[in-house]
Amino acid sequence: MQVLFFDYSQGTNPLDGVHALLSRSGFEEMVPSGGSVAVKLHMGELGNIRYIRPVFARKIVDIVQNRGGKPFLFDTVASYPGGRDTKQKYLNTAAKNGFVEATVGAPVVITDDEDKQEVVPIRNRINDCQLRQAKVPSLLLESACVLVLSHVKGHELTGFGGALKNLGMGCVSTETKRAQHSVNMPQFNESACDGCGKCADECPTGAIKLVNERPQREVRKCISCSTCLLKCPTQGWVWPSGSKEKLQVYLAHAASAVLSECKGRIGFVNFIQDVVPHCDCAAPSGEPIIQDIGVVFSFDPVAADKASLDLIDRAPIIPGSTSAMPPDLLGKMHRTDSLVQLATAEKLGVGTLKYEMVSV
């Protein structure tokens, strides 16, 4: 599979480089006159400064509009507490992060589970995946074509986040997100608990109550957001052994469901810059571990992600930024094999790990 690469080190204007990628790939020609084009991206949590810059979104909007298309920026609400867990909160956060129609030149559209969803069955399940379906916003599937913009960075649970995660987690309903994260429901670690009650105080659904100075969880109310784990000062909650890899398996299956409905009309742009340890959902997300590299494009999300990871692994590490070493630098930083998601996706027919890199 061909992966096009624009290298920042060549000194060319990055916006011209993005245009060259879309032109060389043939994606420009896919834009139908008068047809809607969904530009899928994560617009950053409030307080995060490492998300894709709005100027790149504006450039892509301009390209689509010049071809006669009708672009809109698109994302779904988050499944955990923060500045993006409702439509209005996300729109407010997006505006503060620079994503409004006046700056990007196109409408910003956020969907939630109240919007029309298409139920996409997952027929081919492997590696003990119990996910049977994915709900995908109809607005996305009804678009004439889709361009997925992904910021490649580390991720606490999946090792890294790129095109595949943008598909499997970013393009599905809150219900489907939580079904995936259910395999990561934190376990109580009694030996480390000091009974402070912080987890009960911070639980967004009231699933945790303190009984005799020990937390008791009502599983039915738990949304697997890991707030208890992230807020605990003593490691009183931990992720189950092997759950990071299992989440990647579920993620790949959800991505396969989304792609099955968009195949032939979707492209992937990965920005390999601001490569930080944590996701765009985190605030802060940490300091860069390598210098900015460039941008890749492919019609194959697996190839795009594998090429991005290989470029990261070959880049010099910024001294003092991490003690982890390649291969799979980002995975090692988060104590998981981040290639599980890509290998699973390849087996599901989503894409291939083998690629040909072509510089533009």
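Begin by selecting Glu45 and everything around it. Not counting residues up to four places away in sequence, Glu45 touches Tyr80, Gly82, Gly83, Arg84, Thr93, Asn97, Asp280, Cys281 and Ala282. As this is a predicted model, treat each stop as part of a prediction. Glu45 sits in the loop between strand S2 (36–40) and helix H3 (54–66). Its relative accessibility is 6%, so Glu45 counts as buried.

Next, switch to a cartoon view and look for the sheet. Eight strands form an open sheet with mixed pairing, in the order S4-S3-S2-S7-S14-S15-S1-S16. Strand S4 (108–111) and strand S16 (356–359) are the edge strands, each pairing on one side only. From one strand to the next, the twist averages 25°.

Zoom in on strand S3 (residues 70–76), which runs parallel to S4 and is joined to S4 by four bridges. Select Asp75 here, and you will find Ile110 of S4 standing opposite.

Now select helix H12 (residues 301–314). Helix H12 lies across strand S1 (2–7), strand S14 (266–272), strand S15 (294–298) and S16, and runs at about 10° to S14.

Finish with the cysteines. How many disulfides does a search of the whole structure find? The search finds zero. For Cys129, the nearest cysteine sulfur is that of Cys171, 17 Å away. Cys279 is in no disulfide either, and its nearest cysteine sulfur, that of Cys281, is 3.3 Å away; a disulfide needs the sulfur atoms within 2.5 Å. Cys129 counts as buried because its relative accessibility is 3%, and Cys279, at 8%, counts as buried too.

Note on methods. Residues are numbered from 1 along each chain as its sequence is written. This is a predicted model: local features need pLDDT of at least 70, side-chain atom pairs count only at pLDDT 80 or more; totals for chains, interfaces and linings use all residues. Side-chain values use heavy atoms; hydrogens and water are left out. Helices (H or I, at least four residues) and strands (E, at least two) are DSSP runs, numbered from the N terminus. Buried means under 20% relative accessible area, exposed over 50%, partly exposed in between (1.4 Å probe, protein chains only). Contact means heavy atoms within 4.5 Å. Two strands pair if DSSP finds at least two bridges between them. Axes are lines fitted to C-alpha atoms, for helices over the stretch in contact, and angles run from 0 to 180 degrees between N-to-C directions.
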